[in-house]
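Hello! Take them one at a time and look up each residue as you go.

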Amino acid sequence: MEKALAELGHMDELALMKSPVHNLNAGAKLLATVIYIIIVMSFDKYSLSGLIPMLLWPVFMYQMSGIALRTCFYKLRIVLPLVMAVGLFNPLLDRDIMLQIGGASISGGVISMITLMLKGVLCLMASFLLVATTPFDSLCAALQKVHVPKVLVTLLLLTYRYVGVMTEELAVMTDAYHLRAPGQKGIQFTAWGSFLGQVLLRSMDRAQELYSSMLLRGYHQHFHYAPIKKFGTADAIYLALSILFFAAVRFVNIAEMIGRLFVR
């Protein structure tokens, strides 16, 4: 539990760093990320060579932001295996040979599997970059600017803000359980029902206290989010160049062109 809380705190520290990427308007970064994900997902399942150049944008942005790529993969270490498992059965379903490399034959299932895995990794890299370079209040304000329903924005903000509170409650209950059952590893299966029931009851009590505190501070079904940086020239240039790059990679197979040059 303590490790989870430390990682949440580290995400806030990453978002408060200073770099050219951190200084960009939150709305510009949000739009660029959404467009990037849409373009990545629009590639055909066999278009591996066309998809590979899309890796350049997140790698470049990570370098500009001062955030190491290994930090991204470490933070996403639980989600990445699930994403990588998406296309594992493709080689069994699609056995038609599509590529010959030397004496090795590569089926369409293998190509589509690698393409799906790469799509998932690229989308996760872009999403993490957005969250790691933008304070969450500013990100929620940007979502509201693009007319995402206020209920969803409020739910997202409260979930992020108070997941730490829930984690602390779980830590207190876990410590109390181990004090009553010294030497026992984990929580006994027979106690799972009562443990989860107590978590639900404590969560409801804590939620009511938090809501009462919000009302006392003037909450009326909407938040006054942290002000976001005004959309300026640098933001417009960043957004325009990003879209131009996405369009160029989507409609021109750069990897194939480079390959033909080397073959000649």
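The numbered points below go from the overall layout to single residues.

1. **Start with the layout.** Please keep in mind that this is a predicted model. The protein is divided into domain 1, made of 17-134 together with 232-262, and domain 2, which covers 144-216. Notice that domain 1 is written as two stretches of the chain. Between the C-alpha centres of domain 1 and domain 2 there is a distance of 35 Å.

2. **Find the main core.** Which residues of the largest nonpolar core touch the most other members? They are Tyr36, Met54, Trp57 and Phe128, out of 36 residues in that core. Several helices supply at least two residues each, namely H1 (2-15), H2, H3 (48-51), H4 (56-65), H6 (79-84), H8 (108-132) and H12 (233-251). The top contributor is H8, which gives 11 residues. As background, nonpolar side chains tend to be buried together in soluble globular proteins.

3. Setting aside neighbours within four places in sequence, Phe128 is in contact with Met11, Leu14, Tyr62, Thr71, Cys72, Lys75 and Leu76.

4. Phe73 belongs to helix H5, residues 69-75. Is Phe73 buried, partly exposed or exposed? Its relative accessibility is 33%, so Phe73 counts as partly exposed. Beyond residues up to four places away in sequence, Phe73 touches Leu80, Val121 and Met125. In sequence, Phe73 and Phe128 are 55 residues apart, while their C-alpha atoms are 9.4 Å apart in space.

5. **See how H2 meets H9.** The axes of H2 (residues 26-42) and H9 (residues 136-145) come within 9 Å and cross at roughly 70°. Because of that angle, the two helices are roughly perpendicular to each other. On the H2 side the contact involves Ala26, Gly27 and Leu30, and on the H9 side Ser138, Leu139, Ala142 and Leu143. Sorted by class, this contact has 5 nonpolar residues, 2 polar ones and no charged ones.

6. **Now turn to H9 and H10.** How do the directions of H9 and H10 relate: roughly parallel or roughly antiparallel? The axes of H9 and H10 (residues 150-180) come within 10 Å and cross at roughly 170°, and they are therefore roughly antiparallel. From H9, the contact uses Phe136, Asp137, Cys140, Leu143 and Gln144. From H10, the partners are Lys150, Val153, Leu156, Leu157, Tyr160 and Arg161. This contact divides into 7 nonpolar, 1 polar and 3 charged residues.

7. **Stay a moment with Tyr160.** Tyr160 is found in H10, and its 24% relative accessibility makes Tyr160 partly exposed. Leaving out neighbours within four places in sequence, Tyr160 is in contact with Leu8, Met11, Asp12 and Phe136. Tyr160 and Asn23 are 137 residues apart in sequence, and their C-alpha atoms are 22 Å apart in space.

8. **Look at a buried loop residue.** Thr133 lies in the loop between H8 and H9. At 1% relative accessibility, Thr133 counts as buried.

9. **Check the backbone at His147.** His147 sits in the loop between H9 and H10, and with 71% relative accessibility His147 counts as exposed. What is the phi of His147? It is near 70°, a positive value in a residue other than glycine. For context, most residues other than glycine have a negative phi.

10. **Finish with Lys230.** Where is Lys230 placed? Lys230 is in the loop between H11 (192-216) and H12. Its relative accessibility is 73%, so Lys230 counts as exposed. Neighbours within four places in sequence aside, Lys230 is in contact with Asn25 and Asp235. Lys230 and Ser242 are 12 residues apart along the chain, with their C-alpha atoms separated by 19 Å.

Notes: Residues are numbered from 1 along each chain as its sequence is written. This is a predicted model: local features need pLDDT of at least 70, side-chain atom pairs count only at pLDDT 80 or more; totals for chains, interfaces and linings use all residues. Side-chain values use heavy atoms; hydrogens and water are left out. Domain bounds come from an automatic or database domain assignment. Axes are lines fitted to C-alpha atoms, for helices over the stretch in contact, and angles run from 0 to 180 degrees between N-to-C directions. Helices (H or I, at least four residues) and strands (E, at least two) are DSSP runs, numbered from the N terminus. Angles under 35 degrees count as roughly parallel, over 145 as roughly antiparallel, 65 to 115 as roughly perpendicular and the rest as oblique. Contact means heavy atoms within 4.5 Å. Ala, Val, Leu, Ile, Met, Phe, Trp, Tyr, Cys and Pro count as nonpolar, Asp, Glu, Lys and Arg as charged, and the others, Gly among them, as polar. A nonpolar core is a set of buried Ala, Val, Leu, Ile, Met, Phe, Trp, Tyr and Cys residues joined through side-chain atoms within 4.5 Å. Buried means under 20% relative accessible area, exposed over 50%, partly exposed in between (1.4 Å probe, protein chains only).
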